[in-house]
Amino acid sequence: MASLDKDLDPVLDKDGVRLTVDGATATVTLTNPAKRNAQSPALWRALTQAGQSLPGSVRVVVLRAEGQSFSAGLDRQAFTPEGFDGEPSFIDLARGSDAELDATIAEYQEAFTWWRRSDIVSIAAVRGHAIGAGFQLALACDLRVVADDVQFAMRETSLGLVPDLTGTHPLVGLVGYARALEICATGRFVLAEEAERTGLANLAVPGEQLDAAVGDLAAALLAAPRDAVIETKALLRGAQERSYEEQRSAERASQARRLRDLAGVGD
């Protein structure tokens, strides 16, 4: 499924991002393998646009990358005085006001937020390097299937920065505070076996099986009724913020909606 996206007419194809739609499944592909799918503000805007361009019929979104690396992280050109053509350099951004800097980072983060929308389930198919912003992009998705050569690393702290592209919340939720701190502070690699064992990856498979495994998972997600998946996702997403009793109440309310819907009875 994900490997066939080149055969489909793209809904979007710009700045290293291609979006294709096949029925209820959309595929977002990073398309700059020559630079190991390094990221830039232009790519982030294209990712944001991809999320805005999804038809309402889409239920599952697959995120994949061309080449041997998912994403090597932020393009180092960002740290040069000239930055990217037509973009303020990071040095220029640092010289701006707190409000301007905050607004700019918030705009960058939008590329990473829509993957957890309640009406879709997103799957990252990750092979090779997923470094820094690449790691955070994989973490932005609901689910991750990885090839056995995957190498996750959060290198921002090693560069004197912090992870700021929405990756800290899901990382702590998946592996816990202590392991998340150690991964970020050391910048070390997390390989496939550890990723699967600690919950970073739902499944690790040989590289040649990655697309097939993602396709099987997407098909299984589509087999369940859409409204039930949406309600279940909302229940699970909110569970950490709710008390036990609040979660019980939320379960009752969600089930009541589902039962009324199945019975054709209005609220």
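These questions and answers go through salt bridges in a predicted model.

Visitor: How many salt bridges does a search of the whole structure find?
Guide: Residues are numbered from 1 along each chain as its sequence is written. In this predicted model, local features need pLDDT of at least 70 and side-chain atom pairs count only at pLDDT 80 or more, while totals for chains, interfaces and linings use all residues; side-chain values use heavy atoms, with hydrogens and water left out. A salt bridge is a side-chain nitrogen of Lys or Arg within 4 Å of a carboxyl oxygen of Asp or Glu. For the whole structure, the search gives 13.

Visitor: How far apart are the closest N and O atoms of glutamate 182 and arginine 188?
Guide: Side chains of opposite charge can pair when their charged atoms come close. Glutamate 182 and arginine 188 form a salt bridge, with their closest N and O atoms at 2.4 Å.

Visitor: Is glutamate 194 buried or exposed?
Guide: Buried means under 20% relative accessible area, exposed over 50%, and partly exposed in between (1.4 Å probe, protein chains only). Glutamate 194 meets arginine 188 in a salt bridge of 2.7 Å, N to O. Its relative accessible area is 12%, so glutamate 194 is buried.

Visitor: Which helix holds both arginine 248 and glutamate 245?
Guide: Helices are DSSP runs (H or I, at least four residues), numbered from the N terminus. The side chains of arginine 248 and glutamate 245 meet in a salt bridge at 2.8 Å, N to O. These two residues are three residues apart, about one turn of the helix, and the helix is H10 (residues 244-263).
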